[in-house]
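Visitor: I've got the sequence and the model open side by side. Could you walk me through them?

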Amino acid sequence: MNRTTRTVVKIFLIAAATVLCIAAAYYLGANVTGHKLATASDNMNYSRWLEKYFALTRAAGLLNGLCALGWFLTSRFFFTVDEASGAGKRIFWAALMAASLAISLGVAHFYAPLLGIKLNGIIFALFAIIFTGLGYWLLTIFTTPLAFKYTPPGARLILKRSGKVD
Amino acid sequence: MSYYFISIGGTGAKVMESLTHLCIAGLLPENERLYIAAIDPDVGNGNLERTSTALNNFSVFQNFSVGNDTPLFKNKISIVRPFPWNPTGHDKTLDDLIEFYHHSNTPAGKLYEILYTKKERDTTLNEGFRGHPSIGAAVLAKKFDDGSKLTAQIEKIVSEGDSVKIFLAGSVFGGTGAAGLPTIARLLKNNLADYADRISIGGVLILPYFSFTPDEKLDELFAHSENFLPNTKAALKYYSEKENLFDATYFVGDSVMTPVKEFSVGSANQRNEAHVVELYAALAAADFYARPLHAPKIFKYICRHERDKFSWSDFPASAERFVQFARFIFAYVHLIKPALNDLISGEAKAYKYPWFVDFLDGVDLIAPDVVNFNFYAEAFAAWLKQIETLDGREVFLINPAMFEANPARLVDKKLFAALDGNQSKLTIHEIFYRLTEPFKFDSTVKGFGKFLRRLYDTCAL
């Protein structure tokens with residue numbers, strides 16, 4: 001696989017994973033605690049709650065996808081590694097992960113009242129795990145450009161276990 | 001087939017330095033072993049010491065497992081001991097060496113007294129023959145068979161049915177080389193006459209290319225650069241009128257005499273910078289080794305495109321392979337070595353350098369072979385810089401404006417992409433990136449050799 005093909009495949013993978021994360025957060029949230037939260041919300045039945053909850057997961061998921069995509073594009077096209085200071089960039093990666101976590105929790109915290117739905121701790125935990133854990137940390141392990149492939153913590157172990165590196 | 005290279009004197013040692021670099025870069029033909037011998041009465045000569053260091057470095061790291069399908073390190077080197085062979089011993093004069101006290105009252109002794117001045121006879125020869133080939137010829141003819149193990153070693157190889165190509169390098173304008181070239185060639189030819197069909201002898205006769213001015217009036221016997229041209233004229237007359245002993249003869253010199261920065265009679269202070277003439281002389285050796293064993297006798301002439309300038313169009317070998325090797329060394333010096341130093345000292349974390357994790361995790365980076373490669377990479381960069389920054393001669397193989405004064409580093413890393421004067425996409429960033437991409441080698445490629453092989457391959461355009 002040449003470098004351009006690899007870049008296109010990884011961008012596609014980030015997009016696909018973002019959609020999957022939104023789907024997973026929506027499905028798990030709806031089934032684990034959806035009924036309870038719909039009942040607790042004012043003027044809300046389950047199907048209406050689902051509609052609002054989908055808008056919430058879509059917003060949080062897409063913004064998280066932008067974090068993963070931002071890391072990929074920056075490290076692929078803007079960072080140069082001809083100096084020691086250019087290598088690694090773990091602080092930048094960690095800053096984007098913090099942003100991802102802030103988005104996961106912040107969107108849930110600030111956007112849900114605007115939509116008129118109530119959330120509980122399970123939803124916050126789900127968003128943090130699915131969007132930041134899977135949609136950023138795990139996704140960047142598999143999509144980070146090769147020059148930075150061990151920058152996400154745990155990348156070496158996971159890539160080795162998955163047979164991506166020797 | 002085996003290749004022998006015999007350096008004679010200080011200039012020969014500098015050709016040997018260039019040949020060592022060409023050999024490591026894979027510019028010699030086939031995969032034959034190169035046996036290197038040196039003849040120099042001035043064993044402490046700084047030029048010889050620098051060459052010996054490069055040779056000894058390579059002999060330590062030449063067994064890196066880089067695989068058999070690459071030019072890198074393909075020709076192994078063996079150093080012929082004693083290295084260098086010193087025909088004069090320590091603190092000996094010409095009188096001591098030819099045992100004059102046994103012959104002082106004989107007709108031969110009286111003839112000897114007429115042929116050599118008192119100063120020539122009484123000067124200790126620790127610093128060589130001091131530009132006097134007549135001294136060198138006498139000493140070498142007397143001492144070669146007993147002192148040097150060269151004949152015996154070559155005889156052993158040819159008696160087992162193998163063929164040998166022997167190449168001699170030395171100056172025709174100084175002392176040791178001018179004396180040694182015809183003398184050693186003749187002795188080898190005579191000693192190995194029974195195996196003439198398995199032996200070919202070539203030689204590069206180096207014509208004047210440098211000059212020097214002694215700092216002060218010395219009351220010592222030493223070479224005078226104003227004698228270089230008369231000496232050369234006499235030597236060339238000898239070669240044209242007498243039987244030419246070489247199967248292939250190469251003449252290399254320069255019309256511009258490069259001034260030697262610091263004059264020295266000899267010894268460790270004689271540490272002259274590398275010169276493009278020596279590189280051409282080493283390329284002559286590579287050309288000789290590529291010839292069929294019994295090709296017709298040749299006298300080779302090459303010319304250059306512009307009078308005072310050398311560029312790739314004047315390079316009589318694979319420029320692409322040489323540039324790839326130069327890129328490989330500069331990538332190592334600029335990118336890899338600083339990173340390894342940071343990793344060894346704990347100043348950097350391994351995750352920053354995926355190529356380190358993939359290739360070098362678990363490799364002992366302070367093992368002698370790795371350390372010797374580090375020394376060698378610096379030595380090659382310094383050698384190339386010296387060739388590029390000659391006084392009075394423009395050499396545009398690698399752009400000289402790229403080098404900082406000391407150590408041999410690129411002024412700006414962005415210049416790496418135009419190392420050979422042609423702008424390419426091969427930046428240091430690109431090399432880093434390529435090092436991290438998937439690849440496949442066979443199982444014989446391993447350890448630090450696997451990393452070097454990968455780095456070398458990534459340096460191809």
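What follows is a short chat about chain A, then the domains of chain B, in this predicted model.

Visitor: What are the spans of the C-alpha trace of chain A along its principal axes?

Guide: Chain A has 166 residues, and 37% of them are buried. Take the C-alpha trace along its principal axes, and the spans come to about 60 × 30 × 25 Å.

Visitor: Which element of chain A has the highest mean pLDDT?

Guide: For chain A as a whole the mean pLDDT is 92, with 100% of the residues at 70 or more. Helix α1 of chain A (residues 3-40) has the lowest mean among the elements, at 92. At the other end, with 96, is helix α4 of chain A, residues 121-143.

Visitor: On to chain B. Which element gives the most to the side of domain 1 that touches domain 2?

Guide: Chain B splits into domain 1 (2-89 + 125-302) and domain 2 (319-458). Their contact takes 26 residues from domain 1 of chain B and 31 from domain 2 of chain B. On the domain 1 side, α1 (9-24), α2 (46-61), β8 (258-259) and α11 (276-290) of chain B each supply at least two residues. The top contributor to that side, with six residues, is α2(B).

Visitor: How many nonpolar residues does that side of domain 1 of chain B have?

Guide: Sort the side of domain 1 of chain B that touches domain 2 by class. Two residues are charged and nine are polar, and the nonpolar count is 15.

Visitor: Is F61(B) buried or exposed?

Guide: F61(B) lies in helix α2 of chain B. Leaving out residues up to four places away in sequence, F61(B) touches D369(B), N372(B), F373(B) and Y376(B). The C-alpha atoms of F61(B) and N372(B) are 6.6 Å apart, although 311 residues separate the two along the chain. The cut-off for burial is 20 or more other C-beta atoms within 10 Å, and F61(B) has 22, so F61(B) is buried.

Technical notes. Residues are numbered from 1 along each chain as its sequence is written. Chains are lettered from A and ligands numbered from 1 in the order in which they are written. This is a predicted model: local features need pLDDT of at least 70, side-chain atom pairs count only at pLDDT 80 or more; totals for chains, interfaces and linings use all residues. Domain bounds come from an automatic or database domain assignment. Two residues are in contact if their C-beta atoms, placed from the backbone, lie within 7 Å. Helices (H or I, at least four residues) and strands (E, at least two) are DSSP runs, numbered from the N terminus. Ala, Val, Leu, Ile, Met, Phe, Trp, Tyr, Cys and Pro count as nonpolar, Asp, Glu, Lys and Arg as charged, and the others, Gly among them, as polar. A residue is buried if 20 or more other C-beta atoms lie within 10 Å of its own, exposed if 12 or fewer, and partly exposed in between; C-beta atoms are placed from the backbone. pLDDT is the predictor's confidence in each residue, from 0 to 100.
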